[in-house]
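Good morning, everyone, and thank you for making the time. I would like to walk you slowly through one structure today, so please have the picture open while I talk.

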Amino acid sequence: MEQLAITIHENYLWGAPLWAVNLIVMFGASAVVLMLFVAPFAGITSFVERRIAARIQDRIGPNRVGPQGILQFLADGIKSLMKEDLIPTDADKPLFILAPYLVFLGMFTTFVAIPFSSKLIVSDLNVGLLFIFATSAITAVGLVMAGWGSGSKWSMLGGMRAAAQIISYEIPTGLAALCVILLAGSLSLQTIIAGQGAYPWQWYLFNNPFNPLAFFILLASLVAEGNRAPFDLPEAESELVSGYNTEYSGMRFLFIFFAEWANLYIIGALVTVLFLGGWQIPVGVSEWAGGVASWFPQVLQFLTFFLKVLVFVFLIIQLRWTLPRVRMDQLMEICWKYLVPVAFVCVMGVALWMIIWPEGLPWMTYLLTAVAGLIVAYYCYRVIWQLRNTKATLEFNPFV
Amino acid sequence: MTPQLGQYFPLLIIMLMALVFSGLFIFLAFAFGPKNPDPNKLDVYECGVPATGDARHRFSVKFFIVAMIFLLFDVEVVFLFPWAILLKSFKSQGMGWEIFWPMAVFLGMLAVGLFYEWKRGALDWEK
């Protein structure tokens, strides 16, 4: 990499200083690596979501392209590449064209501050969390532009709803994140993770009784900000055709959806970083892995982080296909009358807790961990019970 | 190179790369896709019937109220961020209550404001 930068510097860009060329090459490469991670992730998530949806609705789902249909996302990508690029005559052309770029930009730039392991991060910004909230707001601007620019009534309604929903849910998101910032004393995501440990009782989630509440608020409002069901009012298929992306076709349409699925990873990653200890692995495991090879702890950290994120991606997908959509007035009520006041109480509660018990209360932490463990165990039991019960009806019977 | 530049310069490059990626693919779609526009095809979608009127008509004032309430609360969340970062270090120097009370008073006033909005019905979508 260093060599490449020097070569480019000497042969092509004599005017630019060497450190600038070095940075350009380094971060250009990391952008490509990010893209190679994000694009397949979003694609495979779209496929997995369709399969899970089919399973929940007693269908089969895409299973033709590749083994079990896993290459379906490539087929979809190629198909939308070959589609005609339509711009409606009523559209506000500059806005219509710019919107998918902004949506993608907002999603992709967020990945800069998200850590993958203790060393694998594009740039550990000291205002990381604020940066993530700021860039996800770019996506909202893109959605409103898409809605307004399309010149269609469906898009217009979808865009307006997206604006109202995303700005409303920004407040509980910020307040719930504050509960962790209070404990960590920093906005940098790596510092927040470093303040936690590998085991559940070392996570910020179980530090005090207010944090589980803040965790729930954060998860709910992030799902709402990502326009996912049960809060998918802006693109409610059954009432608004497809909302802000009604008029989009081909690649532009694909980019809006690409951002939505990649956003699932961002939701999972944020929740994991703030409350679930991020990439932390037990010290013993880390030392053992470090003895095997210097890169091995990083791989384990990455896998730990990725696994935690996948749990949330699955949870959000399951939510989408389990819960009915809320109404617009209910959506606003949930935000302003429940989440915001409760989040305020959480912030002040955590501050009080920190002043009264700066070291935390061990018995409270263990109690909360045990309760959470029971809830997770019950959830797993119900899912397995459900899977067993529905298995019989799934068997293909040609005579019925 | 200053440390600030080192931290934020990557953002510029990543943003440019994001534009390059999306631009590239949208250009490819433009290059590969068929191009036979038709007045009916380029008409906006309105469930199959010819579109009537302009889509950009006036919309409900509720959206403006939400935007105004958002502005108030967002500014106040921004005030909370530096306070939240500093609380830990203040506590370690034994000044926990000194930093807690001003913010408690500030939030108390905001809570009164939220209560007022609530009672006035600004938070009710349907009246």
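Let me begin with a glycine, G284 of chain A, which you will find in helix α11 of chain A, the helix made of residues 283–292. Please keep in mind that everything I describe comes from a predicted model.

S46(A) belongs to helix α2 of chain A, residues 18–56, and it is buried, with a relative accessible area of 9%. Between S46(A) and I70(A) there are 24 residues of separation along the chain, and their C-alpha atoms are 9.9 Å apart. Q72(A), in turn, is found in helix α3 of chain A, residues 72–81, and with a relative accessible area of 13% Q72(A) is buried.

Next, a point about the backbone. Most residues other than glycine have a negative phi.

Over all chains the count comes to 37 aromatic pairs. One of them joins F116(A) and F302(A), whose ring centres are 6.2 Å apart and whose planes stand at 40°, so that the pair is described as tilted. F116(A) sits in the loop between α4 (93–110) and α5 (128–149) of chain A, while F302(A) sits in helix α12 of chain A, residues 296–322, and the pair therefore ties together parts that are 186 residues apart in sequence.

Another tilted pair is formed by Y265(A) and F306(A), with 6.2 Å from centre to centre and 40° between the planes. Because Y265(A) is in helix α10 of chain A, residues 250–275, and F306(A) is in helix α12 of chain A, this pair ties together parts that are 41 residues apart in sequence. Y265(A) has a relative accessibility of 0% and so counts as buried, and F306(A) is buried too, with a relative accessible area of 19%. Both pairs belong to a cluster in which ring pairs link F37(A), F41(A), F111(A), F116(A), Y265(A), F302(A) and F306(A).

A ring can also have a charge over it, and for that we move to chain B, where the charged end of K35(B) sits over the ring of F30(B), 5.1 Å from the centre of that ring.

Finally, I would like to look at how some of the helices pack, starting with helix α6 of chain A, residues 153–184. The axes of α6(A) and of helix α2 of chain B, residues 62–92, come within 9 Å and cross at roughly 15°, which means that α6(A) is roughly parallel to α2(B). Their crossing is left-handed, and the residues of the contact divide into 22 nonpolar, two polar and four charged.

Within chain A, the axis of α6(A) also comes within 9 Å of the axis of helix α13, residues 328–356, and the two cross at roughly 15°, so α6(A) and α13(A) are roughly parallel to each other. This crossing, too, is left-handed, and its contact residues divide into 24 nonpolar, two polar and one charged.

In chain B, the axes of α2(B) and helix α3, residues 96–120, come within 10 Å and cross at roughly 165°, and α2(B) is therefore roughly antiparallel to α3(B). The crossing of α2(B) past α3(B) is left-handed.

Notes:
Residues numbered from 1 in each chain as written. Chains lettered and ligands numbered in written order. Predicted model: local features only at pLDDT ≥ 70, side-chain atom pairs only at ≥ 80, totals over all residues. Heavy atoms only, no water. Axes fitted to C-alpha atoms, helices over the stretch in contact; angles between N-to-C directions. Helix = DSSP H or I, 4+ residues; strand = E, 2+ residues; numbered from the N terminus. Parallel < 35°, antiparallel > 145°, perpendicular 65-115°, else oblique. Left-handed = near helix turned anticlockwise from the far one by under 90°. Nonpolar A, V, L, I, M, F, W, Y, C, P; charged D, E, K, R; others polar. Phe/Tyr/Trp six-rings, centres within 6.5 Å; stacked < 30°, edge-to-face > 60°. Buried < 20%, exposed > 50% of the residue type's maximum accessible area, 1.4 Å probe, protein only. Lys NZ or Arg CZ within 6 Å of the ring centre and 35° of its normal.
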